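Dear colleague,

Please find below the structure that I am passing on to you. My findings follow directly after it, and I would be grateful if you would read them with the structure open.

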Amino acid sequence: MFATTASIKKAIILKANFIIACEPTFYNHLGDTAWLKNDKVYQYKASLLQDNHMAVWRNYYYIHSHLPDGVKSALVSNLGWTEAFNN
């Protein structure tokens with residue numbers, strides 16, 4: 001759900017250049033990174049993406065616009081709650 005440092009590194013190993021994430025890559029919903037310019041974790045993560053020519057698509061609003069909600073459906077299914085949820 002997040003473009004974490006671990007998921008970015010896994011994508012690099014897989015030679016992928018595109019990550020689809022639900023949540024923002026850099027900690028806020030507006031994508032503003034100015035406040036992080038001196039943050040070493042931000043700098044490292046941003047350099048991983050840039051150096052490996054990777055893009056991150058934030059799929060938050062689109063996945064939540066489906067009926068049923070895509071995130072809720074996946075959560076219910078993965079937790080084995082489908083029968084209880086449908087009753």
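K15 is exposed (over 50% relative accessible area, against under 20% for buried and partly exposed in between, with a 1.4 Å probe and protein chains only), because its relative accessible area is 76%. K15 belongs to the loop between helix 1 and strand 1; helices (H or I, at least four residues) and strands (E, at least two) are DSSP runs, numbered from the N terminus. Although K15 is not a glycine, its phi is positive, at about 60 degrees. Most residues other than glycine have a negative phi.

This is a predicted model, in which local features need pLDDT of at least 70 and side-chain atom pairs count only at pLDDT 80 or more, while totals for chains, interfaces and linings use all residues. Residues are numbered from 1 along each chain as its sequence is written, and side-chain values use heavy atoms, with hydrogens and water left out.

The loop that holds K15 also holds A16. A16 counts as partly exposed, because its relative accessibility is 30%. Not counting residues up to four places away in sequence, A16 touches A11 and M54, where contact means heavy atoms within 4.5 Å. A16 and N52 are 36 residues apart along the chain, and their C-alpha atoms are separated by 9.1 Å.

I turn now to helix 2. Helix 2 comprises the 12 residues 40-51, and its end C-alpha atoms are 16 Å apart. At the start of helix 2, the backbone nitrogen of V41 has a side-chain oxygen of D39 within 2.9 Å. This is described as a polar contact, that is, a pair of N or O atoms within 3.5 Å; within protein, one must be able to donate a hydrogen and the other to accept it, and residues adjacent in sequence count only if both atoms are side-chain atoms.

Which residues of helix 2 are buried? They are Y42, K45, L48 and L49. They lie on the same side of helix 2, because they cover an arc of only 130 degrees around the axis, the arc being that of the directions from the helix axis to the C-beta atoms. An α-helix has 3.6 residues a turn, so residues three or four places apart point the same way. The buried residues of helix 2 pack against helix 1 (5-13) and strand 2 (55-58). On the face turned away from the buried side, helix 2 carries the exposed residues K40, Q50 and D51.

Within this buried group, K45 carries a charge: Lys and Arg count as positive and Asp and Glu as negative, while His and the chain ends are not counted. K45 is buried yet has no salt bridge, a salt bridge being a side-chain nitrogen of Lys or Arg within 4 Å of a carboxyl oxygen of Asp or Glu. The nearest side chain of opposite charge to K45 is D39, 9.3 Å away. A polar atom of the K45 side chain does, however, lie 2.9 Å from the backbone oxygen of A3. Leaving aside neighbours within four places in sequence, the contacts of K45 include T4, I8, F26 and Y27.

After helix 2 comes H53, with a positive phi near 50 degrees. H53 sits in the loop between helix 2 and strand 2 and counts as exposed, because its relative accessibility is 66%.

D69, in the loop between helix 3 and helix 4, is buried and has no salt bridge; K72, the nearest side chain of opposite charge, is 6.1 Å away. Helix 4 is followed by G80, whose phi is positive, near 75 degrees.

D69 touches I63 and H64, residues up to four places away in sequence not being counted. H64, in helix 3 (residues 60-65), is partly exposed, because its relative accessibility is 28%. With neighbours within four places left aside, H64 is in contact with C22, D69 and V71.

Yours sincerely,

A colleague

Definitions and conventions
Expected span 1.5 Å × (residues − 1).
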